[in-house]
Amino acid sequence: MNVLVPLPFVLPLLGAALAMIARRRGAWLRVLGPLAAAGGVAASAALLAAVARDGVLAVQLGGWAAPLGITLVADRLSVLLLVVSGTVLLAVMLHAVGEGAGGTDGHEPGVFYPAYLTLTAGVSLVFLAGDLFNLFVAFEVMLASSYVLMTLTPTGERVRAGMTYTVVSLTSSILFLTSLGLTYAAAGTVNLADLSTRVPELPGATRTALGLLFLVVFGIKGAIVPMHMWLPDSYPVALTKITAVFAALLTKAAVYSLIRVETLVFPREHGSWVMLVLAAATIVIGTLGALTHDDIHRVFSFILVGHIGYMLFGLALFDVAGLTGAILYLVHHIVVQATLFLVSDLIQGHTGETSLHRLGGLVSLSAFISVLFFIPAMSVSGVPPTSGFVAKLALFQAGVASGSVLAYAVTGVAVVGSVLTLMAMSRIWTLGFWRTRPEGAQEPPKSESYTRGGVRLMQSVTTVLVVAGLLIAALAGPLASWSRHAASDLVSGDAYRHAVLDGGKR
Amino acid sequence: MTGPGLVLVVVVAVLFAAGFDLLMQRSLIRIVIGFSLLGHGANLVLLLAGGAAGTPPLLGAKGPGAAVDPFPQAMVLTAIVITFGVTAFLLALAYRSRRLRGGDEVRDDVEDRRICAERHRPGETPRATPLEQENPGPEDGA
């Protein structure tokens with residue numbers, strides 16, 4: 001079954017190559033793109049079944065034994081994230097097919113489809129990478145295509161934001177490369193499983209320094225306060241569907257890597273107070289920022305920053321309960337954040353507006369969109385019975401159960417953060433949906449560039465994602481037990497080490 | 001294994017210092033140059049991680065000292081390719097920024113300026129800031 005392991009990123013990469021060849025044929029691309037993305041999802045689902053049956057799967061590419069070759073590892077955490085992220089990527093791809101690749105003001109299918117499929121491959125490779133250098137390459141594959149997508153249909157503003165985004169990402173990549181070099185100098189390996197056996201022998205100070213370096217590297221990529229400044233400036237400017245993918249996946253890939261590296265290579269007995277404080281700061285600043293902004297996309301971007309704090313909170317506790325909460329939160333947030341941005345794309349398609357002070361009366365304009373917005377908005381605020389409630393409940397229970405004073409305090413902050421999120425969402429609801437349209441607002445332009453089939457496809461994709469969010473809540477039981485398994489695998493790390501180091505010699 | 005030469009360590013320090021200094025400038029071309037310096041610095045760190053110089057790691061090669069560790073060199077090669085490609089992209093972006101916005105300076109974010117201005121005029125509807133009037137239509141990109 002090991003041949004399955006590379007497929008989630010090989011299939012989209014193959015699709016990207018074919019899309020490059022077929023770049024002048026829009027109709028082919030519209031079939032090829034979703035097909036390649038769907039292939040990736042199917043491979044991930046098969047991998048999930050295989051991991052459920054056989055436990056952790058490891059593959060040594062090229063046949064070189066573990067610490068030397070390129071290792072790909074699929075464990076419970078990575079396959080779960082592969083399936084969820086693949087589904088979201090496929091959904092947004094279908095949304096793009098409905099909308100037209102370049103949005104309303106340009107058509108660049110020849111650029112969009114290859115770049116998007118490469119991004120898909122990069123995200124999948126991040127989840128599968130079994131050594132630090134391969135993780136670096138996966139991030140570069142993902143980010144290089146994201147630079148292209150960010151500046152798709154360039155306007156002056158988009159190029160400005162794209163420049164900020166690119167330079168910040170590159171800085172963190174350089175830091176990543178440097179940390180990698182330092183790790184190799186200290187431990188003599190970059191294979192994660194091998195590192196996890198060698199790093200505990202290093203002096204404590206070296207270990208702390210390396211751990212903090214990786215926290216900074218993934219903190220920049222994952223927008224943890226105070227390294228979050230670039231995100232709300234750059235994300236909202238890209239085409240909305242692209243922002244949806246970025247918000248749903250790029251920061252989560254960084255959070256995943258942080259969880260993987262910190263639990264496997266730098267395991268701790270107790271919670272980390274540095275991370276707890278950072279998590280609290282991230283929650284407060286992100287959700288407060290969401291309350292001050294007027295543009296819907298910026299509100300959502302700040303919400304994203306705030307909710308990265310919740311995942312960091314789960315990781316900072318460094319126990320099975322906390323990590324279970326973090327994993328549940330990752331799954332919930334990937335889906336719900338993508339849904340929110342796709343809904344806002346529908347709003348934009350309907351009214352041509354994203355500014356709250358110019359929006360209004362959306363309830364009477366389209367009840368359908370209102371329902372589509374309402375459900376993920378409640379979910380992201382954590383109102384029962386949505387998936388956000390399930391994930392937050394798991395986190396709060398873990399925070400209270402851990403028993404330290406700081407963890408109690410951060411749990412309190414997290415509760416306040418949920419209330420602030422609810423306030424931000426109610427603000428959008430009151431200003432954008434409930435009040436009558438402000439005087440002097442121009443009539444919504446009938447967008448002629450959308451075909452009727454396209455609009456229907458976009459609406460059904462968003463509906464499917466909303467339903468998927470509800471499904472996460474409905475399947476909370478099995479999902480939580482899967483996450484708990486994944487979390488205890490993370491905490492012990494034995495299954496991972498065994499699959500990589502002993503399995504490779506077979 | 002003897003330690004790496006002091007010269008290379010100093011070179012790495014200088015490359016990082018100069019690189020980060022250039023990265024904080026407003027001119028895009030300086031940022032690009034700063035990024036390439038940082039890339040060189042990081043690659044040198046990787047190279048240093050392999051230990052002191054020695055015999056080429058080839059079967060049958062003869063020379064002074066033990067064979068060097070080929071692993072970091074393989075990683076450096078990959079990293080060089082990546083930084084090269086990304087530098088080319090940055091240059092293209094800087095060129096496009098010059099074409100579209102008529103300058104190579106990084107501008108402030110308009111939305112931030114607007115919110116800042118709004119705070120000083122409570123109760124009024126948000127208006128265009130001077131910066132927004134200078135550059136008509138930047139918000140249309142959203």
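A:Ala223 sits in the loop between H8 and H9 of chain A, where helices (H or I, at least four residues) and strands (E, at least two) are DSSP runs, numbered from the N terminus. This is a predicted model, so to speak of local features pLDDT has to be at least 70, and side-chain atom pairs count only at pLDDT 80 or more, while totals for chains, interfaces and linings use all residues. Residues are numbered from 1 along each chain as its sequence is written, and chains are lettered from A and ligands numbered from 1 in the order in which they are written.

- A quick reminder of the background: most residues other than glycine have a negative phi, and most peptide bonds are trans.
- A:Ala223 is not a glycine, yet its phi is positive, at about 60°.
- A:Ala223 is also buried, because 27 other C-beta atoms lie within 10 Å. Here buried means 20 or more other C-beta atoms within 10 Å of the residue's own, exposed means 12 or fewer, and partly exposed is in between, with C-beta atoms placed from the backbone.
- The loop between helix H8 (204-222) and helix H9 (230-234) of chain A also holds A:Pro226, and the peptide bond from A:Val225 to A:Pro226 is cis, with omega near 5°.
- A:Phe318, in the loop between H12 and H13 of chain A, is another residue other than glycine with a positive phi, near 55°.
- With 21 other C-beta atoms within 10 Å, A:Phe318 counts as buried.
- A:Pro384 and A:Pro385 are joined by a cis peptide bond with omega about 5°; A:Pro385 belongs to the loop between helix H15 (367-381) and helix H16 (387-402) of chain A.

**Nonpolar core**

- The largest nonpolar core has 215 residues, a core being a set of buried Ala, Val, Leu, Ile, Met, Phe, Trp, Tyr and Cys residues joined through C-beta atoms within 7 Å.
- Helix H13 (residues 320-351) of chain A supplies the largest share of this core, 17 residues.
- Among the residues with the most contacts inside the core are A:Met142, A:Ala279 and A:Val126.
- A:Met142 is in helix H5 of chain A, and it is buried because it has 24 C-beta neighbours inside 10 Å.
- Leaving aside neighbours within four places in sequence, A:Met142 is in contact with A:Leu119, A:Gly122, A:Val123, A:Val126, A:Leu250 and A:Ala253; contact means that the C-beta atoms, placed from the backbone, lie within 7 Å.
- A:Leu250 is 108 residues from A:Met142 along the chain, and their C-alpha atoms are separated by 8.1 Å.
- A:Ala279 touches A:Gly309, A:Leu312, A:Phe313, A:Ala316 and A:Val410, again not counting residues up to four places away in sequence.

**Helix packing in chain A**

- Helix H1 (residues 7-21) and helix H4 (residues 109-128) of chain A pack at about 165°, with axes 8 Å apart. Axes are lines fitted to C-alpha atoms, for helices over the stretch in contact, and angles run from 0 to 180 degrees between N-to-C directions.
- H1(A) and H4(A) are therefore roughly antiparallel; the classes are under 35 degrees for roughly parallel, over 145 for roughly antiparallel, 65 to 115 for roughly perpendicular, and oblique for the rest.
- By class, the contact of H1(A) with H4(A) has 13 nonpolar, 4 polar and no charged residues. Ala, Val, Leu, Ile, Met, Phe, Trp, Tyr, Cys and Pro count as nonpolar, Asp, Glu, Lys and Arg as charged, and the others, Gly among them, as polar.
- Helix H3 (residues 76-99) and helix H19 (residues 476-492) of chain A pack at about 135° with axes 8 Å apart, and are therefore oblique to each other.
- In that pair, A:Arg76, A:Leu77 and A:Leu80 of H3(A) meet A:Trp482, A:His485, A:Ala486, A:Asp489 and A:Leu490 of H19(A).
- The contact of H3(A) with H19(A) comes to 5 nonpolar, 1 polar and 2 charged residues.

**Chain B and the interface**

- Chain B has 5 helices and 0 strands, and 25% of its 142 residues are buried.
- On the interface, 37 residues of chain A are in contact with 36 residues of chain B.
- H6(A) gives the most to the side of chain A that touches chain B, with 18 residues.
- That side of chain A divides into 16 nonpolar, 13 polar and 8 charged residues.

Notes:
Two residues are in contact if their C-beta atoms, placed from the backbone, lie within 7 Å.
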